[in-house]
Structures are given as structure tokens and as C-alpha cells.
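Please work through each task before reading its solution.

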Amino acid sequence: MKGSSAELLLYGATVISWKAGDSRDPLEPRERLFLSSKAVLDGSKPIRGGIPVVFPCFGAPTHPEHNLLGQHGFARSETWAWGGIVMDNDAGVSVRLSQGFSIALLSRELIPVNGSTALEPTPKIAAVYQKLFRLEFVATLSEHQLSTDLHVKNTSSEVLEFQALFHNYVRASAHEVLIRHLQNLEYFDKTDSSFQGLKTETRAEVDVRRYTDSVYENAPQKYEITWPAGGLAVKSTRLKDVVVWNPQADAGSKIGDMEEGGWEHFVCLEPGYVRGFVSTQPGETWIGQQVLETV
Ligand code: TA6
């Protein structure tokens, strides 16, 4: 890689920085993710920015097995553990985080070598979630790409149902950013309390110039995010839905760990499986992946 880098915290398996060049400036790596300057990085609350991992529920819990969980589940607010080496060669490096025990809360690890991170039930998790599972998170960095994979292994003797999502805070000019390949999709508009049904996206290019919180169903898993100074291509696998979120000033100013005006500098484009639930059989492993590429 010519200077591309990423920072991955063991807390939440949260990527908090990804610097990479692009076709305009291949040798000038720039920060591609938004991290609020008021983000709390001491492990006491989920991180406002980067790529929080959402599991086993998206938003407020709706599954009977998730009744004791908070918004977006526990994966983003648990400490994962470094679990081993995956790959390190000229093409790139990849790491996997694995939950053994709660170790050092934060590890601002540049990714110098491949590694792994995963999460398994701790007493704290078991107090609110009785299912057996093993999560592994793999981040792979190459010159202009960052991919993140979430492996969910059903280690129980029962069916395991869950939702999963990568809550990407993409650094972009929120007044100019446009998102393509959402046209004609059905979506749930979380900003419209007067309508609880599904709307149909009519726009070829979706903007977030006003408060936007849209959950698109059965999406193409291939998106383009562009703004005059840059862009990002996003592809996903087994993440059939995608969320677009920007709170803008009114809602954004009420978010305690959102820096003043932060909403002007990001769009959340979040590949996930969030309408309905993934269902895995005992012993089965489900892998949801996304690939972010600078353009
Ligand atoms: O993904 C969009 C969303 O569900 C919004 O409704 C908003 O709540 C956002 O996530 C941030 O959620 P958080 O729990 O991180 O404040």
C-alpha cells in the first residue's frame, strides 16, 4: 500500500480511521471516515463515527430474544480481543478480532500485521442475551480498499436469529453528497412518523440535504457515494438492506457526542441485514461483508 492505513479499536471492533489515496491523488492518503471530535474513546459508550458494528439487532430491539438489549445491540460496545493473523503481503494486510476475555479496553492499533478479533458471550453479555454465538471481525486493508467481514457462528444447538450492519460514517460534504443505485427501492422512512408503510425511492441520486433516516430493502449491494471533491464505491455480500442517515442540524445538535456541525461532514451509508432476521442453523457460520473503495 502506498501509505494507506487504518486504526481499529478492540472496543466494539470499531474501525475509527481509514486513510487511503484515490484516482485523483493515488499517493496522498486522506481520511475517508468521519469521527466526531466529541466521540468517547474510553470504552464507556459506543463510538460516534468510524464503522461501528451492529449486532444482533438494528435500532430498537424487535425480536423476543433481544428484549434486554439496547439500540443497535451489544457488539459495538463490548471489548473484542486480538485473535490471530490472517494475511500480510504486498496486496494488503488483514486482521481478525476475537473475543477471548476483556483485555485492554482500547488498542489504537495501526494495522501493521494481519490479525483477528472476535466476540463470545461474556457474563455481561449473557446477562442480557442468552444465545450462544461466536463473532469474528476481519478488516482487510489494501491500497485503495478497506473491507470488513462479520462472521457469525451459531455455536448453539438451536436456530440463531439476528440482524447485522456496518454503520459506516463516510467523510463527505453532506450538502453535496449524492448516492446512486437506490432508485425504485422500497424503504422505511424513520423521519416520517405520520406514515408507517413503505415508500418507493424515485430519485436516481439521493441527497441528505435534509434530515434523512431511510432503511432500504432488498438493495443492489452496490452503491456509489459522490461529492465534488471525492467519492466512494461500496459493495456488500449477504447484506440485503442499506440505511442512509444524516441527522442534519436539528436532530444532530441533540446528539451529545456529535461535534458542533459534525452532520455537515458525513453521510452514513450502512449495508446490513436489518429488515427481518438472518436465521442460522446450529454450527452454521454466516458471513456478511462490505468492500469500501476510493474512486
Ligand atoms: O442507522 C441510523 C440510525 O438507526 C439512526 O436512527 C440513528 O439512531 C443512528 O442510527 C445513530 O444511532 P446511535 O445509537 O449510534 O446514536
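**Exercise 1: the ligand site**

An oxygen atom of the ligand is 3.0 Å from a side-chain N or O atom of Lys 190. The model is predicted: local features need pLDDT of at least 70, side-chain atom pairs count only at pLDDT 80 or more, and totals for chains, interfaces and linings use all residues. Residues are numbered from 1 along each chain as its sequence is written, and side-chain values use heavy atoms, without hydrogens and water.

Task: Which other polar side-chain atoms lie 3.1 Å and 2.6 Å from an oxygen atom of the ligand?

Solution. Step 1: His 72 supplies the atom at 3.1 Å. Step 2: Glu 270 supplies the one at 2.6 Å. Step 3: the ligand alone exposes 390 Å² (Shrake-Rupley method, 1.4 Å probe), of which the protein buries 83%.

**Exercise 2: the core**

Task: Which residues touch the most other members of the largest nonpolar core?

Solution. Step 1: the core joins buried nonpolar residues (under 20% relative accessible area, 1.4 Å probe) through side-chain atoms within 4.5 Å. Step 2: among its 55 residues, they are Phe 55 and Ile 225. Step 3: a separate core of eight residues includes Phe 34 and Met 258.

Methods. Buried < 20%, exposed > 50% of the residue type's maximum accessible area, 1.4 Å probe, protein only. Polar contact = N/O pair within 3.5 Å; in protein donor to acceptor, adjacent residues only side chain to side chain.
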